[in-house]
Amino acid sequence: KRIYIVGHSRGGIGTLDMIASHPDIFAAAISFCGTINPNRFTTNHEVPLMLYHNVDDNIITVEGSRQTYQRLLQLGSEVVYNEGASGGHICWNDAVKTPEMMDWLCSHSIQQTEE
């Protein structure tokens, strides 16, 4: 009920790919500096997602996270977006120091139905 996926950079890309491909596995996800074609999400996406990205990231453009956030909002999905003004490609450093990130992540579980 509590399988989470978190990744940074290529791991953030992998995180987004995994929740788009296998949404039934994960209770929640966090992507740091990831990107994906936002059209991979076609319905109200059941995996709550938190995105982090810095505006000045010169490795993976911030546009990917912005577009994913907008797409998931349009679909009515649970998505939180955090955009930093500076820090380049290292957007996770401050985030992992806050209790809010872990509180948000651990507040999610997969709802299992009785058969």
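Residues are numbered from 1 along each chain as its sequence is written, and side-chain values rest on heavy atoms, with hydrogens and water left out. Because the model is predicted, local features require pLDDT of at least 70 and side-chain atom pairs count only at pLDDT 80 or more, whereas totals for chains, interfaces and linings use all residues.

Helices (H or I, at least four residues) and strands (E, at least two) are taken as DSSP runs and numbered from the N terminus. An open sheet is formed by 4 strands in the order β1-β2-β3-β4, with parallel pairing, where two strands pair if DSSP finds at least two bridges between them. The edges of this sheet are β1 (4–8) and β4, each of which pairs on one side only, and its neighbouring strands are turned by 5° against each other on average, direction ignored. Strands β1 and β2, which run parallel, are joined by 5 bridges, and I5 stands opposite A29 in β2.

Helix α1 (residues 10–21) packs on the sheet and touches β1, β2 and β3, its direction making about 145° with that of β1. Helix α4 (residues 99–106) also packs on the sheet, where it touches β1, β2, β3 and β4, and its direction makes about 145° with that of β2. Contact here means heavy atoms within 4.5 Å, while axes are lines fitted to C-alpha atoms, for helices over the stretch in contact, with angles running from 0 to 180 degrees between N-to-C directions.

A search of the whole structure finds 2 aromatic pairs, a pair being rings of Phe, Tyr and Trp (its six-membered ring) with centres within 6.5 Å, and planes under 30 degrees apart counting as stacked, over 60 as edge-to-face and the rest as tilted. F32 and Y52 are stacked, at 5.0 Å centre to centre and 25° between the planes; because F32 lies in strand β2 (residues 28–32) and Y52 in strand β3 (residues 49–54), this pair ties together parts that are 20 residues apart in sequence. F32 is buried at 3% relative accessibility, and Y52 is buried with a relative accessible area of 11%, where buried means under 20% relative accessible area, exposed over 50% and partly exposed in between (1.4 Å probe, protein chains only). Y69 and Y81 are likewise stacked, at 5.3 Å centre to centre and 25° between the planes.

The structure holds 0 disulfides, a disulfide being a pair of cysteine sulfur atoms within 2.5 Å. C106 is in no disulfide, and the nearest cysteine sulfur, that of C91, is 19 Å away.
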